[in-house]
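This report covers the fold of one chain and the way two copies meet. The model comes first.

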There are 2 protein chains.
Amino acid sequence: MNVIKWREMEPQQVTEEGASKTTIRVLLGPDLGVPNFVMRLFEIEPGGQTPLHSHEWEHEIFILSGSGICVSTEGETPVGVHDAVFVPPGEKHCFRNTGDEMLRVICLIPATFSHRQ
Amino acid sequence: MNVIKWREMEPQQVTEEGASKTTIRVLLGPDLGVPNFVMRLFEIEPGGQTPLHSHEWEHEIFILSGSGICVSTEGETPVGVHDAVFVPPGEKHCFRNTGDEMLRVICLIPATFSHRQ
């Protein structure tokens, strides 16, 4: 077993077009030989957002702190601390921090796509 | 997309032999048609524990609150709030709440095994 302390990991800026004020850390991923899915932690500063995009894989998300909106084909959905969010494959989406504290989420994807976000 | 508020879900007692004072909620699972992995939330009361067992699938865990130990083939490993934990397939393990507040974790498994724990 492995115990990972994310505060000891260096965050990487998300550079995909449309992203702003957002970092990623891969907590449980290829380095540990995870067989099926990868756990990442994102931090989105107030006013920041992830890119508005769609892809063939799903997101399973749990919000650790902060609040914001998820923009999707369904419009703008408020999300906040301790919500779990499922974004199905193919659905356009982005997360925007509309609050005044860090929007911190864990977000899992299939390991097959772990080189993507 | 789906936003799930776990506090509105009814917890189910974990009844597997060896478990005590532990409940489970399936946050993102078959009801939503998740394609690859299932997110569950466990609450382990002070003094409680999950069963000491092994199985052919992995756990990917994130600790939301509390503290305790993970008992595994590697001995007893302290775990606490905001640790991420990977338990590989086949490794014997249990989580025990040795603190004085609720040990609350999210724990993901492959969807193939979502009828198990």
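## Chain A: contacts and fold

In chain A, 64% of the contacts with a separation of 6 or more are between residues 24 or more positions apart; a contact means C-beta atoms, placed from the backbone, within 7 Å. This is a predicted model, in which local features need pLDDT of at least 70, side-chain atom pairs count only at pLDDT 80 or more, and totals for chains, interfaces and linings use all residues. Residues are numbered from 1 along each chain as its sequence is written, while chains are lettered from A and ligands numbered from 1 in the order in which they are written.

Chain A has zero helices and 10 strands (DSSP runs numbered from the N terminus: helices are H or I of at least four residues, strands E of at least two). Its radius of gyration is 13 Å, close to the 13 Å of the globule rule for 117 residues, so chain A is as compact as a globular protein of that length (C-alpha atoms; the rule is 2.2 Å times the number of residues to the power 0.38).

## Relation of the copies

## Interface

In chain B, 34 residues are in contact with 34 residues of chain A. On this side of chain B, β8(B) gives the most, with five residues.

Strand β8 (residues 83-87) of chain A pairs with β1(B) in the antiparallel sense over four bridges (pairing requires at least two DSSP bridges). There, A:Val85 has B:Val3 as its bridge partner.

Terms used:
Two residues are in contact if their C-beta atoms, placed from the backbone, lie within 7 Å.
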